Amino acid sequence: MGNYIRPRGTLDLFDADAQIFSYINKTASEVAKKYNYKPIYTPTFEQTSLFARSTGETSDIVTKEMYTFKDKGDREITLRPEGTAGVIRAIIENKLYAINDLPVKYYYSGSFFRYERPQVGRYREFSQFGVEIVGSNSYLDDCELILFISSLLKELKINDYVIRINTFGDLNCRNNYRDSVKEFFKPHISSLCEDCQKRFNNNPLRILDCKIDKEYLQTLSIPQTQDSLDEKNKNEFTKIKEILKDNDIPFKEDPYLVRGLDYYTGLIFEVDITLKDGKVLTIGGGGRYSCLVKELGGPDLNCVGFAVGINRIALYLKELYGKENYENKVDYYIMPFIEQATKKATAIAKILREKNYVVVVENGKRSVGSMFKYASKNNFSKAIMIGEDELKENKLKVKDLKTQEQIYVTLEDLLKGSE
Ligand code: AMP
């Protein structure tokens with residue numbers, strides 16, 4: 001080991017782990033393209049007050065988990081703990097809601113930072129892919145997001161998952177619900193953990209999300225969100241569920257789902273998978289928020305969004321399919337047997353790569369025997385051998401390294417044969 005190790009809660013990703021990451025990000029942006037969402041890149045750090053304002057002064061993220069510091073110009077800066085605040089700030093600052101037709105739809109991915117206790121699937125620097133629809137006035141957009149997640153999971157070959165859904169209804173219903181939860185907990189305050197006693201005053205809904213009081217909460221008949229919904233919001237929730245059913249989305253209602261951030265009103269959801277050891281892992285979540293754009297100084301626009309954790313999806317894919325499955329597969333390994341064949345090897349590699357084949361050229365000093373050992377160790381599919389005869393006759397010896405079958409062909413025939 002050298003003199004330095006990575007900071008606690010961070011990861012070095014390389015080889016297959018890094019390839020799984022690229023694969024998930026690439027798949028996610030391909031799905032985003034099909035839904036016609038545009039990419040957006042925002043800074044990794046923002047003014048601290050942006051997150052305090054949006055995520056909620058009393059949320060766990062703001063009170064306990066932010067990486068905050070003063071820069072050399074004495075500005076309060078925070079490494080972004082989540083994506084929505086920065087994206088909404090950028091949409092307001094650049095007036096993207098005015099330049100484009102509404103709703104505007106963006107996707108982002110990158111690193112996020114939370115000072116959490118590291119464990120499997122929980123890091124201090126982690127990666128998310130997320131989307132936001134801004135200026136959305138229809139529950140169809142809520143459905144679109146859930147369909148988007150299911151398309152993404154299908155593309156990644158993740159079939160076994162559950163989407164837990166709940167709704168706060170609009171701001172009015174949410175406030176009514178908040179009041180009834182507060183009223184309910186009044187006689188139970190002394191039985192709650194220290195954090196929840198504070199939450200009771202600041203943000204009683206967050207009590208429902210408490211990990212410490214989880215078992216105690218299960219013994220209580222806490223009011224459910226549905227009890228505070230009016231007819232309009234109830235109907236909308238029913239319509240959302242109908243669309244999800246019509247599209248075979250594996251969802252279930254979770255009347256106590258509240259999510260960790262302050263800004264949600266309307267539909268909220270989380271996506272769970274189950275690991276082999278039975279542990280349930282939440283790989284993503286999102287929902288509708290109606291006040292954030294205005295809160296941050298923009299117009300009165302309703303939004304919906306979600307984010308999935310790339311690290312957790314990667315963890316699950318590795319468990320499902322094995323990490324070898326995500327390693328680059330080399331189609332052709334070109335072996336120049338003599339010095340004079342190296343030019344030809346380079347030229348053929350160029351042509352094959354232009355045809356989208358993955359090609360490795362032997363540029364080292366391996367003997368013929370070591371070349372074959374190297375090819376077999378790394379699972380290369382085919383070898384192209386070029387020696388004196390091949391140069392003279394302008395042909396290639398191509399060996400299938402799985403079947404050991406060998407052919408002697410011109411490059412044109414090889415390309416034709418593999419079309
Ligand atoms: P959240 O907005 O907090 O629900 O985060 C959305 C998703 O990001 C979660 O479902 C996780 O998959 C992922 N995530 C959140 N925090 C972490 C973390 N500390 N480490 C790894 N992944 C995380």
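1. Ground rules. The model is predicted, so local features need pLDDT of at least 70, side-chain atom pairs count only at pLDDT 80 or more, and totals for chains, interfaces and linings use all residues. Residues are numbered from 1 along each chain as its sequence is written, and side-chain values use heavy atoms, with hydrogens and water left out.

2. The sheet of 8 strands. This open sheet has mixed pairing and the strand order β1-β5-β6-β11-β10-β9-β7-β8. Strands here are DSSP runs of E with at least two residues, helices are runs of H or I with at least four, and both are numbered from the N terminus. Two strands pair if DSSP finds at least two bridges between them. Strands of a sheet pair through backbone hydrogen bonds, either parallel or antiparallel.

3. Which residue in β8 is the bridge partner of Ile163? The partner is Phe251. Strand β7 (residues 162-167) pairs with β8 in the parallel sense, over 3 bridges.

4. Helix α12 (residues 310-321) lies across β6, β9 (267-274), β10 and β11. Contact means heavy atoms within 4.5 Å. The helix runs at about 45° to β11. Axes are lines fitted to C-alpha atoms, for helices over the stretch in contact, and angles run from 0 to 180 degrees between N-to-C directions.

5. The ligand site. The ligand is surrounded by 14 residues, and the closest are Arg114, Glu116, Tyr123, Gln128 and Arg259; a residue is near if one of its heavy atoms lies within 4 Å. This shell divides into 4 nonpolar, 5 polar and 5 charged residues. Here Ala, Val, Leu, Ile, Met, Phe, Trp, Tyr, Cys and Pro count as nonpolar, Asp, Glu, Lys and Arg as charged, and the others, Gly among them, as polar.

6. Polar contacts (pairs of N or O atoms within 3.5 Å). A backbone N or O atom of Tyr123 is 2.8 Å from a nitrogen atom of the ligand. For Gln128, a polar side-chain atom lies 2.9 Å from a ligand oxygen atom. A backbone N or O atom of Gly309 lies 3.3 Å from an oxygen atom of the ligand. On its own the ligand has 470 Å² of accessible area (Shrake-Rupley method, 1.4 Å probe), and the protein covers 91% of that area. Two or more shell residues come from each of β6 (125-134), β10 (280-289) and β11 (303-309); β10 gives the most, with 3 residues.

7. The sheet of 5 strands. This open sheet is also mixed in pairing, with the order β13-β12-β14-β15-β16. The edge strands are β13 (359-361) and β16 (406-409). From one strand to the next the twist averages 20°. Strands β12 (residues 332-336) and β14 (residues 382-386) run parallel and are joined by 5 bridges, and Ile334 stands opposite Ile384. Helix α14 (residues 368-377) lies across β12, β13, β14 and β15 (396-400), at about 170° to β12.

8. Backbone details. Leu102 and Pro103 are joined by a cis peptide bond with omega of about -5°. Pro103 sits in the loop between α5 (96-99) and β5 (104-113). Asp15, in helix α1 (residues 15-34), is a residue other than glycine with a positive phi, near 50°.

Conventions. Polar contact = N/O pair within 3.5 Å; in protein donor to acceptor, adjacent residues only side chain to side chain.
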